[in-house]
Amino acid sequence: MTRWVEETLHPNFRCALKADRVLYENQTEHQHLIIFDNETFGRVMMLDGVVQLSTTDEFIYHEMMSHVPLFSLGAERAKRVLIIGGGDGGVMREVLKHKSVERCVLVDIDRTVVDLSKEHLPEVSQGAFDDPRAEVIIADGVKYVAETDERFDAIIVDSTEPVGPAAVLFTRGFFEGCARALNKPGVLITQNGLPFMHPDHLRGTMELFSTIFADRATYLVDQPTYFGGPFALAWASNDTSLRDTPLEEIAKRHAASGIPTRYYTPDVHKAAFALPGYVAKLSV
Ligand code: SAM
């Protein structure tokens, strides 16, 4: 019998993906986890009824979360990176492509996501977990940023939606912890959902950023498996000049890095910050 796995993120809109083969399904200590194969999207991971990634389109989001902050910082300053969430290893894979990065710490609350991703989604992390520059810590991101003595040039929050265990990753306390753990100059990137479907999600983050960081902005990506319009990533920095790094400089850094990218280009980096009116209005 055909199994359709429904995404239950939106109250008035449902979509479903056909599961040709279910590889894993269980309740972890923190959330419901299912990994299955779909003929169009490849291998799919969902947590608590929400698509986290598919192996065919994950490169879009993972490249844009990693390369926008790191090429903005440049090789001289992109040395220490903290990832909160991201237990599948996709962001870590992209971050570690930067030779300038000396240390990359990943803090995910759910060990099962990390273990199952290594087992069933090895093409996502591509060995990143075994890189000598990488460290994985199983902990709550809020607690980690509040207590760590380490300082980071970039913090990338690759979290689930603001319900369940990730709700705390959208609070003032967490963003203040991130601000504390950032070097100067430093950048924080967060995922902020679909502005069309959940406008309050982006608006809430931007309101908090406006009282904590010197600079804030929204940029957009098109993620085929995040159904419901463009997907918002948020930028916050303690340095107002970082976001203005000229296109020519970004292009020079990208070329010098030799990092092959499929979605990210210097032009896309710059253009992603151009917002449709309805999104700009939420990004006050
Ligand atoms: N790309 C995905 C998306 O935006 O839909 C996110 C993928 S990643 C698998 C999300 C991770 O965030 C999960 O592994 C989850 O365990 C982790 N997470 C949720 N709440 C967390 C918290 N409070 N601290 C650290 N990690 C958390």
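Start by selecting helix 1, residues 58-73; helices here are DSSP runs of H or I, at least four residues, and strands are E runs of at least two, both numbered from the N terminus. At 1.5 Å a residue, counted for one less than the number of residues, its 16 residues should span 22 Å, and the end C-alpha atoms lie 23 Å apart, which agrees. This is a predicted model, where local features need pLDDT of at least 70, side-chain atom pairs count only at pLDDT 80 or more, and totals for chains, interfaces and linings use all residues. Residues are numbered from 1 along each chain as its sequence is written, and side-chain values use heavy atoms, without hydrogens and water.

Now click on H67, where helix 1 bends by about 30° (the angle between axes fitted to the seven residues ending there and the seven starting there). P69, a proline, follows within four residues. Just after the helix, G74 has a positive phi of about 85°.

Next, colour by burial (buried is under 20% relative accessible area, exposed over 50%, partly exposed in between; 1.4 Å probe, protein chains only).

Then move to D158, in strand 10 (residues 152-158). An unreviewed UniProt entry lists D158 as "active site"; such annotations may be inferred rather than shown by experiment. D158 is buried, at 8% relative accessible area. Show its contacts (heavy atoms within 4.5 Å): beyond neighbours within four places in sequence, they include Y61, H62 and M65, along with G85, G86 and D88.
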